[in-house]
Amino acid sequence: MLKDITLGQYFPGTSPLHRMDPRSKLLILILYIVTIFVVKGLFPYLICVLALITAVIISTIPPKMVLRSLRPILIIVLFTGLLNLFYTPGVELFHLWIFKITREGIATAAAMALRIILLVASTSLLTYTTSPMSLTDALENLLGPLKKIKAPVHEFAMMMSIALRFIPTLIEETNKIMSAQKARGADFESGNIFSRAKALVPVLVPLFVSAFRRAEELATAMECRLYHGGEGRTRLHSLHYGRVDLIAAILAVAVCGGAIALHILL
Amino acid sequence: MAIIETKDLTFRYEDADSDALCGVTLSIEEGSFTAILGHNGSGKSTFAKHLNAILLPSGGKVYVGGVDTADESRLFDVRKTAGMVFQNPDNQIVATVVEEDVAFACENMGLPQEEIRKRVDECLAAVGMSEYARHAPHLLSGGQKQRVAIAGVLAMRPRCIVMDEPTAMLDPSGRAEVIRAVQQLNRETGMTVILITHHMEEAALADRVIVMKQGKVALDGTPKQVFSQVDRLRELSLAAPQTVQLVHALDPAGTVLSPEALSVEECVGQLMKYLEA
Ligand SMILES: Nc1ncnc2c1ncn2[C@@H]1O[C@H](COP(=O)(O)OP(=O)(O)OP(=O)(O)O)[C@@H](O)[C@H]1O
Ligand SMILES: [Mg+2]
């Protein structure tokens, strides 16, 4: 279960997607997400799906990894799909006991499922091809104007990047604790949802204790390496908007604009 | 010249009822390799944290590169002079790419980009991790992670590097990797090294060994001088290296044999002498 969490994992590489400015990736992602939630209809969706598939191919990230990012959200997809399937009013196709299935229901359910899948897959593609550090740099840079109203933008970005950095460490630790508890006879797999949740308490307590200890040690180590907030900080990799970004921006606007145009016209 | 000097250093943790350090007066020569040994709770980590102004003395003084660590306005000078490496490599790596982590200190110093690049490449080469520059730290072995952490400290160009049990969480091969890198730094670049350890074989590689007990310096000398005092070490709950123990067991009074046998070769030499006698 835990090994499926691919959030925030980064696969270093040299593809055009890797080389793009994280700011432009972030903005394109936002444009893409807005598009998939605005459009409706077979052709616009087809464009969105094809665009994502092309991006995955260009990124050289194994498609298997993108699919794996979908595994944890399978339940959510099923749940929203079913909800939409049964509760959308419209032309009735057939009905089972108290459930009736409508044509509109099928369409909405499929659209909703597709939207969530595209949302998660495209977001994972971003984190797979962008190191968390440059991602938070991009956030810090894009939110920069908020610093004027004294919003703690740098601190927020730093917190995010550290959280992302510690995901694999904490997952590894959780697995270790779970194995240790299993060896003492703990049972995480059987029983109803309440007894399973209760079985997790002896895992969470040591996990929290260790997370606090780690936080303290990390803070000390960061201070020893002269960290003193965002003021006067320079970067190894500064953000650089280049040719790839321009091309990507044009393509993104064309694809998303095309999908929206089709949606309006059809 | 001494790079680190402590004068009658005393320290008590806020909620503690006895001193963790009581009157430590030491001076560490620039370019030397010093090992600090001691039983659990003897105050080694507390001492190390004073060299980097993580803790400030309750009494006495600590001078790092001539600067009083209690002088808040010189805090960064102190930390730039004496870099600190901790036990758990996982809890000191900040970034998700090796080279970005090594760059962290330089970024905080506000160095220009080309300078950061130069230092990152240099420091990764110094610990033999150049080929891993673009790797994710959580996929490295313990020894590799710890070498990355060392590179991250070296990037500040410190004159002295203080390591608090850097090998405690590593397997034997990781330990050997780290110690080799540290030794090389000391020999080739003249970096002052202070190594806190529980491993006698590591301490035997140093120029000077300091043994602490209950917040005081109990023994101080070259590895030979310190390790040959088998009985005294036992009082301090430490075991001498096995080679020394063997020679000591054969000739406890030290009439024929000298217990200063730290390496296997020296031990063999002493055994030959014993057989002849
Ligand atoms: N944060 C703290 N608060 C209160 N007392 C502490 C704290 N940290 C350490 N001590 C106490 O100070 C004394 C010295 O501890 P220190 O950590 O320096 O020992 P050490 O030689 O590094 O031991 P070890 O070999 O276990 O790392 C011990 O008695 C310890 O209990
Ligand atoms: Mg300690």
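User: Which residues does B:Val211 touch, leaving out those up to four places away in sequence?

Analyst: Good place to start, and keep in mind that this is a predicted model. In soluble globular proteins, nonpolar side chains tend to be buried together. Here, B:Val211 touches B:Leu37, B:Lys216, B:Val217, B:Ala218, B:Leu219, B:Val226, B:Leu233, B:Leu236 and B:Leu238.

User: Which residues touch the most other members of the largest nonpolar core?

Analyst: B:Val211 is one of them, together with B:Val102, B:Ile150, B:Ile161 and B:Phe227. That core has 53 residues. There is also a second, separate core of 29 residues, with B:Val62, B:Val78, B:Ala82 and B:Ile196 among its members.

User: Let's turn to charges. How many salt bridges does the structure hold over all chains?

Analyst: The total over all chains is 27.

User: Which parts does the pair of B:Asp220 and B:Arg208 tie together?

Analyst: The two side chains form a salt bridge of 2.9 Å, N to O. B:Asp220 is in strand E10 (residues 216–221) of chain B and B:Arg208 is in strand E9 (residues 208–213) of chain B, so the pair links parts that are 12 residues apart in sequence. B:Asp220 is partly exposed, with 39% relative accessible area. Elsewhere, salt bridges with shared partners join B:Glu115, B:Lys118, B:Arg119, B:Glu122 and B:Arg157 into one network.

User: Now the surface: which residues make the nonpolar patch of about 930 Å²?

Analyst: With a surface patch, look at its members and then at the elements that supply them. This patch is made by A:Leu42, A:Phe43, A:Leu46, A:Leu50, A:Ile53, A:Ile57, A:Leu265 and A:Leu266. Helix H3 (residues 42–59) of chain A gives the largest share, six residues.

User: Is A:Leu266 buried or exposed?

Analyst: A:Leu266 is exposed, at 68% relative accessible area. You will find A:Leu266 in the segment after helix H10 (243–265) of chain A.

Definitions and conventions
Residues numbered from 1 in each chain as written. Chains lettered and ligands numbered in written order. Predicted model: local features only at pLDDT ≥ 70, side-chain atom pairs only at ≥ 80, totals over all residues. Heavy atoms only, no water. Salt bridge = Lys/Arg side-chain N within 4 Å of Asp/Glu carboxyl O. Helix = DSSP H or I, 4+ residues; strand = E, 2+ residues; numbered from the N terminus. Buried < 20%, exposed > 50% of the residue type's maximum accessible area, 1.4 Å probe, protein only. Core = buried A, V, L, I, M, F, W, Y, C linked by side-chain atoms within 4.5 Å. Contact = heavy atoms within 4.5 Å. Patch = residues over 30% accessible without salt bridge, like charges linked within 9 Å, V, L, I, M, F, W, Y side chains within 5 Å. Areas by Shrake-Rupley, 256 points an atom, 1.4 Å probe, with all protein chains shown as cover.
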